[in-house]
Amino acid sequence: MSAARGSLARRRALLAYALVAPASVLILLIYIGPIIAVIFASLTDYTLVRDGFSFVGLENYTAMFADEAFANALRNTVIYAAFFLPGAFFISLFLALAIQSRKKFRSVLEVLFFLPVTSTLAAMALVWAALMDSRQGVINNTLTSFGLEPVNFLGDPGFVLAALAAISLWSIIGFNMVLFLAGLTAIPRNLYDAAAIDGADHPVDRFFRVTWPMLAPTSVFVAVTTSITAFKLFDTVAVLTKGGPARSSEVFLYLTFLEGFEYFNMGYAAALSVFFLGLIFVFALIQTLLSDRRINS
Amino acid sequence: MARLSLQGIRKSFARTEILKGITLDVEDGEFISLVGASGCGKSTLLRIIAGLEHPDEGSVSIDGKPVDEASPKARNVAMVFQDYALYPHMTVAQNMAMPLIMGRLPMRARLPGMRLLTPGFAPLRREIATQVETVARQLRIDHLLERKPAQLSGGQRQRVALGRALVRNPHLFLMDEPLSNLDAKLRVQVRQEIVELHQNTGLTFVYVTHDQVEAMTMSNRVALLQEGRLLQVGTPDDLYSDPDSLSVARFIGSPEINVLPAQARAGGFEVGDQFIPVPHQLELGSDLFLAVRPEGVMVAGAGPRDGRQMVTLAVTRTGMEDLGGEIILHTAVKGLPGIDLRARLQKEAGGVDLDLRNLPLDLNLSFSPRSCRLFAASGARIRAGAERAASLPTSLESVG
C-alpha cells in the first residue's frame, strides 16, 4: 500500500518537475545566464579587439572606483535624477488627481498625456533638438520675444542635464499618470463618503486622510520604477549630446556604452554593468520590502 | 436629537428616475426603517438625507431648518455603511477618532506630522482618545483599539463602524443595511444591540434594509418604498395587518400573503364557488383580490370556529416545510389554476386533534372572512366605508 502511494508521489513529483522545466530553462537562459556571464566578464580583461582574455580578479572594480569618468558619470546621473524624479512623481500625481474627477474629458486627456509614451523616444528626441535649438528653436524664439536671453539648452553644461530631464519628463509623465489613475480608481468610493460623514470634506483632509494613504502602494511602485528609469537614461543622450558638452551629460549608462562599444573595454563595461545591477537591485529590494510591510500591517 | 422632514424628494440618475417625490416626516427620537426591494431607491434616499447626494427637487429639513445646501459635516449626521467603509490604513482607535479629530482640531493640527509641532493641542488629543476608549468599552471592542480593520472579524468591524458613528453626538443616526454582511446568528444579536442603542441614546434613527423582518422587529415605524415611491408609512403592525395596497401586503410577511381572485357580486363577493357577504360598496362584477395571511388559513373543521361563515377551498397538497414548532403547508387550489394557498399551522395548536404529519393529499382548507383583506384589481385596498381612518379596525366583518 505505502509503496504504491510512494511511487504515486514520486510520479507526481516527476510530472511537476517536467512541467516547470521549460519555463525554468528559459528563465536560466534569458535572465540568469546573461547575469552570470556579465559577472564573469567583469572579472576579466576581455576586449573586443583581442582574441582571448585573462582573469584580472577585482581589478576592473578597483579601477572603476578610482576612475574620474565613473565619478563624473555618477554625479551627472544623480543631478539628472534630482531634476527628473520629483517632476516625474509629483506632476504625474497632480495630473492624475486633476483628470480623475473629470467625466467628459478624462479619456481624451488620458490619451493626450499618454501619447508621448507610445512614441519612439529616439525619433522624438530629434524634434526636441529642433525645439531646443539655440538659434532657430521655438523655445528660444519665444524666450527672445519676451526679451530674454536665448539659452543653448543642449550645448550649455549648466543646462544640458535639466534639458534632458525635461525631455524624459515629457515622455514618462503620461505613463506614471496612468499608474496613479489606476491607483486612484482602486480607492473605494465609500471611503470618501465615510470621510465626508466624518467631517473630512475639505480637499486637503480628503487627500491626507484617504487618497494619500490609500495610494501608498502605487506611490512606492511609481517612485521605484521611476528611479530605475532615471538610472537607465541613454537614448536621448546618445542621439542628442553624445555625453557632451565637455562630458557634462555623460551619464552612467552612456559611460558603460562608451567603455564597451567605443573603447572596446568589455571587461570594464561589464564591471560597470554589475554595479548598475546592484543599484537596481537595491531599489527593487526597497519596493519589495515596503509592499510586504503594507500587506502585513 | 432631531426631527427630520423630507419634502417632495426627486432624484434621477442618467434619465432614470430613482425617487419620484418622497415626502416623509420623522419624529425626534424615532426609529424609522426604509424598506424595499433592491433598486427601490432607499439607499439613495438615505444618502440624500446624509448630504452625500443632492436631490433634483425637494427639500430636506432637520429640526425645521432646511439643510439642502449643508454638507454632511454641517448636518451632523452619523452613518453606518453596508460594508462599514472603515479606513483600512488606520487602527480601530484612529478610525473611531476620525469624526472627533475633524470636528475639534483645526486644520494646522490635523495635517500629517503636526502632532509634535502643535503641543498645545495635546490635552484635546488626550480627551479625544479617552472618549474613543469610553465608546470602545461600551461596544466591548476596547481590546481591539490598536488593530487594523483587516485583522478584525465581520462582527468586530461592524462594531467599529458603530463606534465611529457613536463617538460624537449626531443629530441623526443613519444606517445603510448594516447587518447584511453578518451571518444569520450574529445578525439577530446585533439587531437587538442596535435596538438597545436606540433606546439608550434616544437619537433619531433612520435604518435602511431590504429585509422586512429587520424593519418589522426593530422600528417604531416602517416606510415601504417601491420603485421610488412611498407605498405606506406606518407602525409594523399597520403594514402587516392593515396594508394600503396589495404590493404592501405582498412585501410584508413571510411566507408571503395568499392572494385569491374574486368577483364582486351584489352584497358581497364570490371566491371559488362560494358567495361571501360583505358590507363594502363593490362595483358589480369587477375583479377583486382577496388576501389572507398564511396563519389565517387552517385545515377545514380543525380550527376554532367563530360561528360565522368560513371560506372553504378544496386543495391538493404540493409541499410541506417543517419548521419545528410549525408547518408551512403549500397547496394548489382546485378549480383556480396557478393559485397557491399557503397555510401556517401550529403543531401545538390548542384543541386540534389533527396529525399534521399525515395530512391527506387532498384536503379542504378554510379561513374566516374576518382575516381577509380585499383589494381592487388595481391593487388598491378596498375598505369598508368610504373614509379610511387609521384607528378603525378594518377587517371585513368587524365593520359590518
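**Aromatic rings and chain B**

Tutor: One aromatic cluster is formed by F89(A), F90(A), F180(A), F207(A), F208(A) and W212(A). This is a predicted model, where local features need pLDDT of at least 70, side-chain atom pairs count only at pLDDT 80 or more, and totals for chains, interfaces and linings use all residues. Side-chain values use heavy atoms, with hydrogens and water left out.

Student: How many aromatic pairs are there over all chains?

Tutor: Over all chains, the structure has 21 aromatic pairs. Rings of Phe, Tyr and Trp (its six-membered ring) pair if their centres lie within 6.5 Å; planes under 30 degrees apart count as stacked, over 60 as edge-to-face and the rest as tilted.

Student: What kind of pair do Y80(A) and F84(A) make?

Tutor: The planes of Y80(A) and F84(A) are at 10 degrees and the ring centres 5.5 Å apart, so the pair is stacked. Both sit in helix α3 (residues 68–100) of chain A, four residues apart, which means a separation of about one helical turn. Helices here are DSSP runs (H or I, at least four residues), strands likewise (E, at least two), numbered from the N terminus.

Student: Buried or exposed, those two?

Tutor: Y80(A) and F84(A) are both buried. Buried means under 20% relative accessible area, exposed over 50%, and partly exposed in between (1.4 Å probe, protein chains only).

Student: And what about W128(A) and W170(A)?

Tutor: That aromatic pair is edge-to-face, with 70 degrees between the planes and 5.6 Å centre to centre. W128(A) belongs to helix α5 (residues 121–131) of chain A and W170(A) to helix α7 (residues 160–185) of chain A, so the pair ties together parts 42 residues apart in sequence. W128(A) is buried at a relative accessible area of 16%, while W170(A) is partly exposed at 27%.

Student: Switching to chain B. Which charged end sits over the ring of Y240(B)?

Tutor: That of R293(B), 4.0 Å from the ring centre. R164(B) lies over the face of Y87(B), 4.9 Å from the centre of that ring. The criterion is NZ of Lys or CZ of Arg within 6 Å of the ring centre and within 35 degrees of the ring normal.

Student: How many helices and strands does chain B have?

Tutor: Chain B has 11 helices and 21 strands. Its C-alpha trace spans about 85 × 45 × 35 Å along the principal axes, and 50% of the 400 residues are buried.

Key
Residues numbered from 1 in each chain as written. Chains lettered and ligands numbered in written order.
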